[in-house]
Amino acid sequence: HNERVDRYTIQMRFLAHLINANLLIKLVQTVDKIGKSCVVHLTPKKVEFILISDINDGVQVWSGINVSSLFDEYQLESQNNNEIAFEISLDNLLRALKSGLTATNVIIKLTKVDNVPCLRVCIDVQGKQTMTVQQDVPIKLLSASQLASYIEPQLPDPEVYIMMPPLKLLRNVIDRMKNIHDYLVLMANMGGELTLKVETDMVSIATFYTALSHPQIEGRNPPSHEPDKAAEVKVDIKKFAKFLYSYQVSPTNVILCIVESTALVLHVLLDDLYLTYYIPVILSG
């Protein structure tokens with residue numbers, strides 16, 4: 001088996017010049033809130049991050065961004081349609097990238113150290129003379145068939161989809177609610193209304209938002225057709241709080257979708273960057 005992986009790595013090449021360290025750091029920090037390691041999938045046009053947290057947790061994040069938003073020189077070669085996928089520790093990646101925040105030049109490439117595949121981050125630091133610092137982050141390469149086992153959830157159309165209020169404001173609300181109960185109920189309708197609620201036998205706290213807009217989804221009726229259409233889900237409030245960290249990427253739009261009895265799906269969008277969160281629902285029993 002090892003021999004096969006070795007041959008597989010020999011014919012792989014990845015080298016890129018990072019032009020937007022700040023955005024990449026924010027993206028990695030956001031995903032890092034959900035789990036400690038993730039799959040990075042490099043393709044000729046896109047960089048994707050896939051995080052499927054352990055089975056007890058059930059939260060998934062699928063994220064992607066155009067190569068040109070992060071890199072200018074970008075060389076990628078492999079026998080699998082010039083795609084490379086690997087598992088990486090997000091903390092280690094973050095540490096390596098952060099050291100490059102003030103750098104004049106950051107190159108990221110695939111290499112091997114003592115026969116262990118690594119992502120090498122080479123950073124030029126300007127002092128009296130330029131110094132190059134390199135950090136190696138060990139990775140676990142995935143074969144094409146291993147990558148194929150990661151499949152984004154295929155869900156039915158949501159009953160309700162609505163634009164969310166600013167996530168930064170929501171964080172304060174959820175922080176207060178977290179102290180009251182573990183479960184958060186989200187109710188929304190197609191008339192621009194969203195309610196977040198926690199309740200115990202003793203107390204019930206709800207926050208109401210109105211006049212929110214609805215995105216027009218291709219192939220669907222205009223949202224204004226059915227303002228009374230409503231849906232609700234119950235989720236683990238800690239998982240919802242972790243999603244709110246995506247405010248760090250300063251999204252232009254965040255869309256909340258409710259697929260009743262199945263999942264809460266959240267789309268975080270900024271130009272060509274997207275993060276999609278799938279949060280399992282708690283069925284009242």
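Trainee: Why is Cys257 called buried in this predicted model?

Mentor: Buried means under 20% relative accessible area. Cys257 has 5%. So Cys257 counts as buried.

Trainee: What makes Cys118 buried or exposed?

Mentor: Apply the cut-off of under 20% again. The relative accessible area of Cys118 is 5%, so Cys118 is buried.

Trainee: Why is Ile205 called partly exposed?

Mentor: That label covers values between the limits for buried, under 20%, and exposed, over 50%. Ile205 has a relative accessible area of 32%, so Ile205 is partly exposed. Ile205 belongs to strand β13, residues 204-209.

Trainee: Which residues form a nonpolar patch with Ile205?

Mentor: Met202 and Val203. Together, the three have about 300 Å² of accessible area on the surface. A patch residue needs over 30% relative accessible area, and Ile205 has 32%.

Trainee: What makes up the largest nonpolar core?

Mentor: This core has 96 residues. Helix α2, residues 21-32, gives the largest share, seven residues. Those with the most contacts inside the core include Phe14, Ile108 and Phe240.

Trainee: What does Ile108 touch?

Mentor: Leaving out residues up to four places away in sequence, its contacts include Phe14, Leu24, Phe71, Leu97 and Arg120.

How values were computed: Residues numbered from 1 in each chain as written. Predicted model: local features only at pLDDT ≥ 70, side-chain atom pairs only at ≥ 80, totals over all residues. Heavy atoms only, no water. Patch = residues over 30% accessible without salt bridge, like charges linked within 9 Å, V, L, I, M, F, W, Y side chains within 5 Å. Areas by Shrake-Rupley, 256 points an atom, 1.4 Å probe, with all protein chains shown as cover. Salt bridge = Lys/Arg side-chain N within 4 Å of Asp/Glu carboxyl O. Helix = DSSP H or I, 4+ residues; strand = E, 2+ residues; numbered from the N terminus. Buried < 20%, exposed > 50% of the residue type's maximum accessible area, 1.4 Å probe, protein only. Core = buried A, V, L, I, M, F, W, Y, C linked by side-chain atoms within 4.5 Å. Contact = heavy atoms within 4.5 Å.
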